Amino acid sequence: MSTKLLTFLPLSSISAPSSSPCSYALPGLMHRVLPMRAWPRASWMWPWRASAGFVSSIAGHAGFPNSAAYCATKGAVELMTKALAMELAPHNVRVNAVAPGNIHSPMNEAYFESPEYESIMIDRTPAGRVGVVEDIAPAAVFLASPAARY
């Protein structure tokens, strides 16, 4: 049985009326994801196992001050991932999400300009450093690969 990987547009590629990371995430995500529910019905398309992946956040599991919309959006990604995993598993489609902690990214680079903020983040992180995208990418690649087939 062959395996093909599907790729999805990152949330950042969805245009938004505002620069807020939450202003587009949930409506844009649902616009992109709801058609996924129709994929298995086209059974001729699925002679292989497939994988869908999302990027969530630790904010989907815990609340943070001044981040209610972001936390709610990431919580929605978590539950949507779980629901889609249940719906699509009978059709050999795996659905996963990675939920990293604080990662250096364009979304939060302004915060990291403050040495105090970076120090606080490092103190709260068991690894003693803030992550980078390259720390998360291997986990996402693994989850999309045949090595994570079950």
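Contact here means heavy atoms within 4.5 Å. In that sense, and leaving aside its neighbours within four places in sequence, serine 56 is in contact with Lys74, Val77, Glu78, Ala97, Val98, Ala99 and Pro100. The structure is a predicted model, in which local features need pLDDT of at least 70 and side-chain atom pairs count only at pLDDT 80 or more, whereas totals for chains, interfaces and linings use all residues. Residues are numbered from 1 along each chain as its sequence is written, and side-chain values use heavy atoms, with hydrogens and water left out.

**Overall layout**

The protein has four helices and four strands, where helices (H or I, at least four residues) and strands (E, at least two) are DSSP runs numbered from the N terminus. Along the sequence these elements follow the pattern α-β-α-β-β-α-β-α. Of the 150 residues in the protein, 28% are buried, a term that stands for under 20% relative accessible area, with exposed meaning over 50% and partly exposed in between (1.4 Å probe, protein chains only). Among contacts between residues at least 6 apart in sequence, 62% join residues at least 24 apart.

β1, α2 and β2 make a right-handed β-α-β unit; right-handed means that, with the strands pointing away from the viewer, the path from the first strand over the helix to the second runs clockwise. The strands β1 and β2 pair in the parallel sense over six bridges, pairing being assigned if DSSP finds at least two bridges between two strands. Within this pairing, alanine 50 stands opposite valine 93 in β2.

Helix α2, which covers residues 68–88 and has 21 residues, reaches 30 Å from its first C-alpha to its last, close to the 30 Å expected at 1.5 Å a residue; the expected span is 1.5 Å times one less than the number of residues. The buried residues of α2 are Cys71, Thr73, Lys74, Gly75, Val77, Glu78, Met80, Thr81, Leu84 and Leu88.

In soluble globular proteins, nonpolar side chains tend to be buried together.

**Residues in the loops**

Serine 56 lies in the loop between β1 and α2, and the side chain of serine 56 reaches the backbone oxygen of lysine 74 at 3.4 Å. Why does serine 56 count as buried? Serine 56 counts as buried because its relative accessibility is 3%.

| Residue | Relative accessible area | Class |
|---|---|---|
| Serine 56 | 3% | buried |
| Asparagine 66 | 84% | exposed |
| Asparagine 92 | 33% | partly exposed |
| Threonine 125 | 26% | partly exposed |

Asparagine 66 is placed in the loop between β1 and α2 and has a phi near 60 degrees, a positive value in a residue other than glycine. Asparagine 92, in the loop between α2 and β2, has a positive phi of about 60 degrees although it is not a glycine. Most residues other than glycine have a negative phi.

Threonine 125 is found in the loop between α3 (115–123) and β4 (131–132). The C-alpha atoms of threonine 125 and asparagine 102 are separated by 8.6 Å, while the two residues are 23 residues apart along the chain.

How values were computed. A polar contact is a pair of N or O atoms within 3.5 Å; within protein, one must be able to donate a hydrogen and the other to accept it, and residues adjacent in sequence count only if both atoms are side-chain atoms.
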